[in-house]
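Hi everyone, thanks for coming. I'd like to walk you through one structure today, so please have a look at it with me.

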Amino acid sequence: MPQTVRINLALQGGGAHGAFTWGVLDRLLEEDWIEIAGISGTSAGALNGAALKSGWVASGREGARESLQALWGEVSGLRDLRIPAWIEQFFPDPFFVARAIEFSPAFAFADTLSRAVSPYAYGPFYQNPLERVVGHFDYGRVCAEGQGPELHICATRVRDGKVQVFTGDAINTDVILASACLPTLFQAVEIEQTDGSTEAYWDGGYTGNPALFPLFDPALPDDIVIININPLERREVPRSAQDIQNRINEISFNSSLLRELRAIDFVQRLIARGKVEEGSMKNARIHMIADDALMNDLSVATKLVPLASVIGQLHDAGAAATDRFLDAHGADLGRRQSLSLREMFA
């Protein structure tokens, strides 16, 4: 058995596409030689991180896997914006499912409504569908100090547009809902501060998807494995209204991650050239697990509509991508970086 390697996980947000991350985590948890020391998660990544931590504290690796499975079983049962089940039967391929949803009258109506009507217009009828899912977490376990991975959750402060990272006993239902709060769909989540004031929050993806800097703590390992679910590259220029909106969504939700990766690349080059004293700055080793080919076939529609068939396929794709990563780069963990930042920013 390989020597135990400690890693951090950076879990992106992306709605129902977070089921891909579930598959990645499910597969990583099968490897006893991999120890997950820290997690930074945003939106769906926050849900995945909280489920993993809660299950881990309860009963280790198997508990974490069971907790993640239970989470996505609940998510796939959400009815908001749900498209009739016949679409899943007649269009089993994710590409056709995505297109069927996009051009369905139900999705078109809901999409138009979200652009024209504020979520505050619903008054007493407003409800966040994620609340019942997130409310089932055992926060005594999610917030446990010194047990399981160190968990960080990102949200965006509406007032000043800055990222705020919650950790430890600051994490609760409202924090996770804030991290996943798309402002065109959900009312801002208001959270009381330590001084008694209240701050409103939107989705953390705008400012940290996910934030990497919480993982720079010297007590955490140098290896950061990013689970990327928003494709970094699309070869074709989007031309339809839906494709344009989808690409805008992807670019905006990748921008904060790319800025942090560029900063890491800069620090790595300074250290390599001897411009920075060894140990004075974190020399992070970056890895990435992704499946851009699959994500290019999907769209914002399959992020918003949690179809059970697509969630299952995303899970399996995440597990398969992890197999490929471990085959190609498992030996790199704890030793050297496997993601070429120089090529990424060339």
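Asp 265 is buried, with a relative accessible area of 3%. Buried here means under 20% relative accessible area, exposed means over 50%, and partly exposed is in between, with a 1.4 Å probe and protein chains only as cover. Which residue pairs with Asp 265 in a salt bridge? The partner is Arg 269, and the closest N and O atoms are 3.3 Å apart. A salt bridge is a side-chain nitrogen of Lys or Arg within 4 Å of a carboxyl oxygen of Asp or Glu. Arg 269 counts as partly exposed, at 27% relative accessibility. An α-helix has 3.6 residues a turn, so residues three or four places apart point the same way. Elsewhere, salt bridges that share partners join Asp 26, Arg 27, Glu 30, Glu 31, Glu 62, Arg 65 and Asp 323 into one network.

Before I go on, a word on what you are looking at. This is a predicted model, in which local features need pLDDT of at least 70 and side-chain atom pairs count only at pLDDT 80 or more, while totals for chains, interfaces and linings use all residues. Residues are numbered from 1 along each chain as its sequence is written, and side-chain values use heavy atoms, with hydrogens and water left out.

How confident is the predictor? pLDDT is its confidence in each residue, from 0 to 100. The chain averages a pLDDT of 89, and 89% of the residues score at least 70. Over residues 79–92, though, the pLDDT is below 50, and this stretch has 28 contacts in the model beyond near neighbours in sequence. Contact means heavy atoms within 4.5 Å. Where pLDDT is low, the predicted coordinates should not be read in detail.

Now the overall picture. The chain has 346 residues, and 53% of them count as buried. There are 13 helices and eight strands; helices (H or I, at least four residues) and strands (E, at least two) are DSSP runs, numbered from the N terminus. Of the contacts with a separation of 6 or more, 78% are between residues 24 or more positions apart.

Back to the salt bridges: how many does the structure hold? The count is 22. One of them is between the side chains of Arg 132 and Glu 74, at 3.9 Å, N to O. Arg 132 lies in helix H6 (residues 131–134) and Glu 74 in helix H2 (residues 44–75), so this pair ties together parts that are 58 residues apart in sequence. Arg 132 is partly exposed, with a relative accessible area of 44%, and Glu 74 is partly exposed too, at 23%.

Next, helix H1 and what follows it. In H1, 11 of its 11 residues are buried, including Phe 20, Trp 22 and Asp 26. Leu 29 is in the loop between helix H1 (18–28) and strand S2 (34–42), and it counts as buried at 2% relative accessibility. What does Leu 29 touch, leaving aside its neighbours within four places in sequence? Its contacts are Ile 36, Leu 52, Trp 56, Arg 61, Ala 64, Arg 65 and Leu 68. Arg 61 is 32 residues from Leu 29 along the chain, yet their C-alpha atoms are separated by 5.8 Å.

Let's follow one of those contacts. Ile 36 is in strand S2 and is buried, at 5% relative accessibility. Not counting residues up to four places away in sequence, Ile 36 touches Ile 7, Leu 9, Leu 29, Leu 52 and Pro 149.

The 22 residues of helix H12 (residues 308–329) should span 32 Å at 1.5 Å a residue, and the end C-alpha atoms are 31 Å apart, which agrees. The expected span is 1.5 Å times one less than the number of residues. Among the buried residues of H12 are Val 310, Leu 314 and Phe 325.

Finally, a look at a loop. Val 158 is in the loop between strand S3 (150–157) and strand S4 (163–167), and counts as partly exposed at 32% relative accessibility. Arg 159 is exposed, at 60% relative accessibility, and its side chain meets that of Asp 160 in a salt bridge of 3.7 Å, N to O.

Notes:
pLDDT is the predictor's confidence in each residue, from 0 to 100.
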